[in-house]
Amino acid sequence: MAFPKRVRLVEVGPRDGLQNEPNPIDTATKLELIDRLGAAGIGYIEAASFVSPKWVPQMADHREVMTGLTRRQGVTYAALTPNLKGLEAALECGVEEVAVFGAASEAFSQKNINCSVAESLERFAPVLERAREANVRVRGYVSCVLGCPYEGEIAPAKVAEVSKALFDMGCYEVSLGDTIGVGTPLAAKRMIEAVSRDIPMDKLAAHFHDTYGQALANLYAVLEEGISVVDSSVAGLGGCPYAKGASGNVASEDVVYLLNGLGIETGIDLNKLAETGTWITQTIGRPNRSKVGVALAAK
């Protein structure tokens, strides 16, 4: 299949990339990161997570972040809302779009959110219903689509089953996450093929972590299959706390460089994006995991 002409980048750095940082990050830094990403041309930014501060202290300022944004025209500022309480809080802050997250692994679901996959889907039903009432779109995430730290390999059919459930429930788009970054290109292709039998390709997104250095290769593989939405994190920030050695999402800068090389449009200024990656990693004292960002900074 031919590559898509344009790819929409979903920037998960402000939420997924920062939520597991051990040291507190002040609200002003988060807001500046979000603004810099918007200025670089990112059109979709996952800005906050409306979860319990007890479980994710780094996201305790979700209200301050969502209400303190300088909103740019054409940019969607989304938030993760795993339950009805989180959704109601997000709606009070004027959220435009929300996301829910499930898993293709029973063991991961139990460890991560203390319930089975089926139970997690049941919990999402009232969230989707309330979001519809509020005219807010819902994006769905599926974790562990190419492997689980507890179960190992995950069958593509299981990924397809959970993805279809989220799509049928009302999620307009389903993001397929290689949460621990163990996938390889052939496995990624087979997984996408299985899921796309039930869900149109233009309703799917790729969310690949780079633990084993395969994320860009995996993206190339699914772009060939027709995927046109990619989740990424500036400077490769983030990581799964439940998987030893798991690194962050594929770096946004590296993805844009790849897409530019393939002649695929993104509308993103790579230099501004790389400058943002350099700034945030220096600000929070973390290494920059973007090879492109490090190379551009050395020029």
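Where is Asn135 found? Select it and you land in the loop between helix H6 (117-133) and strand S5 (137-143). Before going on, note that this is a predicted model, in which local features need pLDDT of at least 70 and side-chain atom pairs count only at pLDDT 80 or more, while totals for chains, interfaces and linings use all residues. Residues are numbered from 1 along each chain as its sequence is written, and side-chain values use heavy atoms, with hydrogens and water left out.

**Stop 1**

Asn135 is exposed, with a relative accessible area of 71%. (Buried means under 20% relative accessible area, exposed over 50%, and partly exposed in between, using a 1.4 Å probe and protein chains only.) The helix and strand names used on this tour are DSSP runs numbered from the N terminus: helices are H or I with at least four residues, strands are E with at least two.

Now select Ala235, in the loop between strand S8 (229-232) and H10. Ala235 is not a glycine, yet its phi is positive, about 65 degrees. Is Ala235 buried or exposed? Its relative accessible area is 0%, so Ala235 is buried.

**Stop 2: helix H9 and its surroundings**

Next, colour helix H9 (residues 215-225) and helix H10 (residues 252-261). They pack at an angle of about 45 degrees, with their axes 11 Å apart. Here axes are lines fitted to C-alpha atoms, for helices over the stretch in contact, and angles run from 0 to 180 degrees between N-to-C directions. H9 and H10 are therefore oblique to each other. (Angles under 35 degrees count as roughly parallel, over 145 as roughly antiparallel, 65 to 115 as roughly perpendicular and the rest as oblique.)

The crossing of H9 and H10 is right-handed. A crossing is left-handed if the near helix is turned anticlockwise from the far one by less than a right angle, and right-handed if clockwise.

Show side chains for Leu216, Leu219, Tyr220 and Leu223 in H9, which meet Asp254, Val255, Leu258 and Leu259 in H10. Contact means heavy atoms within 4.5 Å. By class, this contact of H9 with H10 has 7 nonpolar, no polar and 1 charged residues. (Ala, Val, Leu, Ile, Met, Phe, Trp, Tyr, Cys and Pro count as nonpolar, Asp, Glu, Lys and Arg as charged, and the others, Gly among them, as polar.)

Which residues of H9 are buried? They are Ala215, Asn218, Leu219, Ala221, Val222, Leu223 and Glu225. These buried residues pack against strand S6 (173-178), helix H8 (185-195), strand S7 (204-208), S8 and H10. Just after H9, click on Gly226, where phi is positive at about 115 degrees.

**Stop 3: an aromatic pair**

How many aromatic pairs are there? The count comes to 1 aromatic pair. The ring centres of Phe3 and Tyr220 lie 5.2 Å apart and their planes are at 70 degrees, so the pair is edge-to-face. (Rings of Phe, Tyr and Trp, the last by its six-membered ring, pair if their centres lie within 6.5 Å; planes under 30 degrees apart count as stacked, over 60 as edge-to-face and the rest as tilted.) The pair links distant parts of the chain: Phe3 sits in the segment before strand S1 (8-11) and Tyr220 in helix H9, 217 residues apart. Phe3 is partly exposed at 28% relative accessible area, and Tyr220 is partly exposed at 33%.

**Stop 4: helix H11**

Move to Ala274 in helix H11 (residues 270-284). Ala274 is buried, at 4% relative accessibility. Leaving aside neighbours within four places in sequence, Ala274 is in contact with Glu253, Gly293 and Leu296.

Residues making the contact include Leu33 and Arg36 of H2 and Trp279 and Ile280 of H11. The residues of this contact divide into 6 nonpolar, 3 polar and 4 charged.
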